[in-house]
Amino acid sequence: MISTTAAGAIEQGRADERRRRGEDTLAAITGSAGQSVVDALRDLSPELGHWIVDFAYGDVFSRPALSLPTRELTTIAALTALGNAQPQLKVHIEGALNVGCTPEQIVEVIIQMAVYAGFPSALNGISAAREVFERRGVTIAVHP
């Protein structure tokens, strides 16, 4: 039987590994932008920042069955469909570019959302993509 102290140490080790995995995955996707978001929460809701790192990036984004580019494209689809998450959408468009998605893939995913989430959501998504692409000097071949 494991002592309470040993069990606590094992649990802390798992928590530390989860946090490290989350921080590594967050950095791989967002560079320093994601950590800036987490840091901005420290004065009002540090636990929200911990949940983002631990759960979203440590548990979900770091799962091996989908690649980071696939995860970013699905995240862009979801945020576009929501229609009310422009700051987060821009972060994930940046992240998609960081992990190897092409601008064309990003635009195609946003266009696809016009079918399921409506044209206003897709238009807002394209606006977010335009802003990110312009800031990064990214050009895209337009298909007539």
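Helices, like strands, are runs of residues assigned by DSSP and numbered from the N terminus, and a helix must hold at least four residues. Glu131, for instance, lies in helix α7, which covers residues 119–136. The structure discussed in this report is a predicted model.

## The chain as a whole

The secondary structure of the chain consists of 7 helices and 0 strands. Followed along the sequence, the pattern reads α-α-α-α-α-α-α. Taken along the principal axes, the box filled by the C-alpha atoms has dimensions of roughly 70 × 35 × 30 Å.

The chain has 144 residues, of which 33% are buried. Its accessible surface amounts to about 8700 Å², and carbon and sulfur atoms account for 60% of that area. Among the contacts between residues at least 6 apart in sequence, 69% connect residues at least 24 apart. As for charge, the chain carries 12 positive and 16 negative side chains, and the centres of these two sets are 3 Å apart.

## An aromatic pair in helix α3

The structure holds 1 aromatic pair. It is formed by Tyr57 and Phe61, whose ring centres are 4.7 Å apart and whose planes meet at 15 degrees; because planes under 30 degrees apart count as stacked, this pair is stacked. Both residues belong to helix α3 (residues 46–61), where they are 4 residues apart, about one turn of the helix. Tyr57 has a relative accessibility of 6% and therefore counts as buried. Phe61 is buried too, with a value of 12%.

Thr75 lies in helix α4, which spans residues 68–82. Its relative accessible area is 16%, so Thr75 is buried, the limit being under 20%. The side chain of Thr75 reaches back to the backbone oxygen of Arg71, at a distance of 2.8 Å.

Thr80 is also placed in helix α4. With a relative accessibility of 1%, Thr80 counts as buried. The side chain of Thr80 reaches the backbone oxygen of Ile76 at 2.8 Å. Once residues up to four places away in sequence are set aside, Thr80 touches Leu89, Ile110, Met113, Ser121, Ala122 and Gly125. Of these partners, Ser121, Ala122 and Gly125 have numbers that fall within helix α7 (residues 119–136).

## A glycine in helix α5

Gly95 is located in helix α5, which runs through residues 86–98. The relative accessible area of Gly95 is 0%, and Gly95 is therefore buried. Apart from residues up to four places away in sequence, Gly95 touches Ile29 and Glu72. Although Gly95 and Ile29 are 66 residues apart along the chain, their C-alpha atoms are separated by 4.7 Å.

## Residues with more open surroundings

Val115 is found in helix α6, made up of residues 103–117. Its relative accessible area of 62% makes Val115 exposed, because the term applies to values over 50%. Between Val115 and Ala81 there are 34 residues of separation in sequence and 9.9 Å in space, taken from C-alpha to C-alpha.

The C-alpha atoms of Glu131 and Arg20 are 31 Å apart, and the two residues are 111 residues apart along the chain.

## Separation in sequence and in space

| Pair | Separation along the chain | C-alpha to C-alpha distance |
|---|---|---|
| Gly95 and Ile29 | 66 residues | 4.7 Å |
| Val115 and Ala81 | 34 residues | 9.9 Å |
| Glu131 and Arg20 | 111 residues | 31 Å |

Conventions. Residues numbered from 1 in each chain as written. Predicted model: local features only at pLDDT ≥ 70, side-chain atom pairs only at ≥ 80, totals over all residues. Heavy atoms only, no water. Helix = DSSP H or I, 4+ residues; strand = E, 2+ residues; numbered from the N terminus. Buried < 20%, exposed > 50% of the residue type's maximum accessible area, 1.4 Å probe, protein only. Contact = heavy atoms within 4.5 Å. Areas by Shrake-Rupley, 256 points an atom, 1.4 Å probe, with all protein chains shown as cover. Lys, Arg positive; Asp, Glu negative; His and termini not counted. Charge placed at Lys NZ, Arg CZ, Asp CG, Glu CD. Polar contact = N/O pair within 3.5 Å; in protein donor to acceptor, adjacent residues only side chain to side chain. Phe/Tyr/Trp six-rings, centres within 6.5 Å; stacked < 30°, edge-to-face > 60°.
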